[in-house]
Amino acid sequence: MKINPEDMVVVTGIGCHGRLNNYFRAYGFHSLHGRALPLAQGIKLANKTLSVITVSGDGDAYSIGLGHFIHAARRNIDLTYIVVNNMIYGLTQGQTSPTSQKGFVSVSTPFGSKESPVCGLHLALVSGGTFIARGFSGAPHQLIRLIEKGIHHRGFSLIEVLSPCVTHNRLNSYQWFKENTYDLDHEKGYDSRNKERAFLSLNEKQKLILGLLYQEERPSYDDLSLPGEAPLIRSKMQVNQNKLDKILKKYE
Amino acid sequence: MIEDISVMIAGKAGDGVLFTGNVLAKILKRQGWHIVTYRDFPSNIRGEATNYTIRASLRKIFGRGDRIDVLMAFDCDAILEHINSLAKGGIVLCEGRELTRLKPAERMDKTFHPFPMRILAKDKFGNEIFKNMILLGGLCYILDLDLSVIENVITETFLKRKGKEVVRRNVEAIHMGCEEAKKRIESRERHSLRRKKDENRLLISGNEAIGLGALVAGCRFFAAYPICPATEIWQMLVHYFPECGGIVVQTEDELAAINMAIGASYAGTRAMTSTSGPGASLMMEGFGLSGMTEVPVVVVHVQRVGPSTGLPTKSEQSDLLQWIHGSHGEIPRIVLSPGSIQECFEFTIKAFNLAEKYQCPVILLTEQDYGQNYRTVTKFDVTKIEIDRGKLLTEKELLGIKNYKRFAITRDGVSPRALPSMKNGIHMVESNEHDERGFRDESARNRTKMMEKRMKKLETARKDLVRPRIWGHQDAEIGIIGCGSTLGPIREALAQLRDSGIDAKFMQVRTLWPFHQKEVKDFISTCKQCYVVDNNYEGQLRQLIYSRMRPGIELKGIRKYSAYTFRPKDIAEPIREAQ
């Protein structure tokens, strides 16, 4: 993608996905559980010339960090958010997660989960996300394409990745995902610029949709906050004396 | 001739108490007086009782003092509430009809000037809102304030925001009040305040001083969530950042605020967040991240009264131990406690330098008292601001390093720092325990080594910290120790004690962590009696001292936890009684 390794920062949260940093030759920050997004937004705002990739799990993104997720989407900060969804808490040994299905049996819900799952794509859509897609680790070519597109997109891009946990989640296996997904990229005439259609697709299909659900162009928060090419880290630390005198005058 | 005067403006939230007080404070400041203001307001927008005291003096003053000389009351409740705090010979300006409700004893030794401010305002302007300026005009007559100064202040306040017409009407209302007072009040009842040259001073709040400090210290990223009583810092920066190339973000919560600041700082911008009360509890998590990952961050905590929601608009010192011990696990941290508005400005600049030099979180622990209130300070010297970014590498320096290790073990504990986008500096930052390269390492050997490396930084930092300051006679045998806002009342208590023939000295602790145990112990060892002043229930500063040393003599606690700050007499009286 012609991005220099030193110009990319990969920020991860806490969970099985957190190992990911170690496989990149780029700057990496393994942050706190649920806080990858605020940290990544700070990085992007301070230096908008960086490509900031943020990676979370379903627990990180849709449970402990859900508030940050919605606000990052509505701010439309230019970063790529990859949410690795395995529908279970793997690192803590197999508890029900916010994306587990109702009735899901696990060590934390031995009698079946009583809660309905969270749909991250839906949330991103209502919160103002400008690039919303889902891939599947069983379909790597499509996934690579979506991530590439997401990185190129100017604004907040969500790419959820269905990624079976072969250790703890016996229900949502590769086979299960193959049977329970529907690929929008193969739907004839699907228009990812049509928000209404995107909503309908999420609602209508009995299966988890795959592919690019929605995309729009909207000015990003980082561009609105600091117009021009120069990043914040290049701002002068000294304040012009005339400016200071003017400020101090107010208190005289 | 009056040399020291306290004017209280009291009414209901929504009466314009704050506005009137700010105008009066500025007028008195422009006449060359030293000012300390004290706002007592509820966590409410309209309806509840509120008051604003402006103390002005020809001498330098440090706190709100002990008395009230003039009460400007907008309603009956205000008189009933405050009549007993009024000094002997005090003056009351009020509507008039409420006076019948006062007991004869309450009216004794006081002068009442009934003033039909509401009727006048309605008749002349068709709007009660002008009652403040009419009453202020009355006060101007009594104190013989300079009307041209008042007109200037009104013009500066309104011209830009509200236009010429509003300025004209307000000035007219002040003149009207002044004329009305002339008719009603005999000239012998006037108390002319001496006019001096307005010296090189600013009238500013602690929060604004911190905003200004951050601006000149090169802070260009600020993220926060709205909370009383810290929001003025933000409102200041949001105003001046755009022209200085800075970004302010209103985050969804305090968790995001501190993490965003850490992110921005990691990328290379000086970053800050500010909070109070419950927000500080939420920030504890990110505070630990900054300590573990050695990313500098400055957190301003303007203390309010806790626990829980507590009393959001009032002042306390109950979060000392939280920042010294807070966050899970152990991290190096620096906690600064400014005692004055001057120190708010200076310590903010210091905080950014310390954070970058020692690559750790720095807490600026202030209080609502001087955070939101205005005081006069000597004009800040902004011409020689020192910016020290510590071991921050340049790209050129990095290219000369083979096998760069972000968390390299060094003699002083501080490792050279590279920023993302720098060639040859690629590294990993881990919130898990990590090795010198930043990769996760759970071995006992590594853990011990890295723990010692991080904590070592505090020992290195010691020489750079703000040392305690001693006030009063060095050879006095009575010692007082305090920090933060108690500076003002303790210094005034020293004077009161001296007037009763008691010599005392005061040690102002200015860095709470790492603690200056040697200096504090040396101070205590020169005292026969020693008191520790705490604006909290548990005596947190006293506990802190005991946790760091065996002081040799018993340290007596003077505590206040009524949601109000100390008055000098609260400190002087118990000491006087013990003699």
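**Entry 1: cis prolines in chain B**

I started at Pro307(B), which sits in the loop between strand E11 (297-303) and helix H12 (320-325) of chain B. I keep in mind that this is a predicted model. The peptide bond from Gly306(B) into Pro307(B) came out cis, with omega near -5°. I then looked up Cys228(B) to Pro229(B), and that peptide bond is cis too, with omega near 0°. Pro229(B) belongs to the loop between E8 and H9 of chain B.

**Entry 2: positive phi outside glycine**

I went through two glutamines next. Gln93(A) is not a glycine, yet its phi is positive, about 80°. I found Gln93(A) in the loop between strand E5 (88-89) and strand E6 (95-96) of chain A. Is Gln93(A) buried or exposed? I get 12 other C-beta atoms within 10 Å of Gln93(A), so it counts as exposed.

Gln359(B) also has a positive phi without being a glycine, and here the value is about 45°. Its loop runs between helix H13 (341-358) and strand E13 (361-367) of chain B. Gln359(B) counts as buried because it has 27 C-beta neighbours inside 10 Å.

**Entry 3: Asn132(B)**

I looked up Asn132(B) and found it in helix H5 (residues 131-143) of chain B. Asn132(B) is buried, because 27 other C-beta atoms lie within 10 Å and the cut-off for buried is 20 or more. What does Asn132(B) touch, leaving aside its neighbours within four places in sequence? I noted contacts with Gly16(B), Phe19(B) and Thr20(B). I also checked Asn132(B) against Lys110(B): they are 22 residues apart in sequence and 22 Å apart in space, C-alpha to C-alpha.

**Entry 4: the sheet in chain B**

I traced an open sheet of seven strands in chain B, in the order E9-E8-E10-E11-E13-E12-E19, with mixed pairing. E9 and strand E19 (511-513) of chain B are at the edges; each has a single partner strand, so one side of each has no neighbour in the sheet. From one strand to the next I get an average twist of 20°.

Inside this sheet I looked at one pair in detail. E8(B) runs parallel to strand E10 (residues 270-275) of chain B, and three bridges join them. Phe221(B) has Ala271(B) as its bridge partner in E10(B). I then checked what packs on the sheet: H11(B) does, and it touches E10, E11 and E13 of chain B. The direction of H11(B) makes about 160° with that of E11(B).

**Entry 5: strand E7 of chain A**

I turned to strand E7 (residues 131-136) of chain A. How many residues of E7(A) are buried? I count six of the six, so the strand is largely enclosed by the rest of the structure. Both faces of E7(A) are covered. One side has Phe131(A), Ala133(A) and Gly135(A), the other has Ile132(A), Arg134(A) and Phe136(A), and all are buried.

I then wrote down the partners of E7(A). Strand E8 (residues 157-162) of chain A runs parallel to E7(A), with six bridges joining the two. Gly135(A) stands opposite Val161(A) in E8(A). With helix H5 (residues 140-152) of chain A, E7(A) and E8(A) make a right-handed β-α-β unit. Strand E10 (residues 208-215) of chain A pairs with E7(A) in the antiparallel sense, over four bridges. Arg134(A) has Gly211(A) as its bridge partner in E10(A).

**Entry 6: where the chains meet**

I finished with the contact between the chains, which takes 50 residues from chain B and 43 residues from chain A. Several elements of chain B each supply at least two residues to the side that touches chain A, including strand E7 (201-205), helix H8 (206-216), helix H10 (254-267) and helix H11 (277-293). Which element gives the most to that side of chain B? I get H10(B), with 10 residues. By class, I have 29 nonpolar, 13 polar and eight charged residues on the side of chain B that touches chain A.

Strand E2 (residues 27-30) of chain A and E15(B) run parallel, joined by three bridges. I noted Met428(B) in E15(B) as the bridge partner of Gly28(A).

How values were computed:
Residues numbered from 1 in each chain as written. Chains lettered and ligands numbered in written order. Predicted model: local features only at pLDDT ≥ 70, side-chain atom pairs only at ≥ 80, totals over all residues. Contact = placed C-beta atoms within 7 Å. Nonpolar A, V, L, I, M, F, W, Y, C, P; charged D, E, K, R; others polar. Pairing = 2+ DSSP bridges. Axes fitted to C-alpha atoms, helices over the stretch in contact; angles between N-to-C directions. Right-handed = clockwise from strand over helix to strand, strands pointing away.
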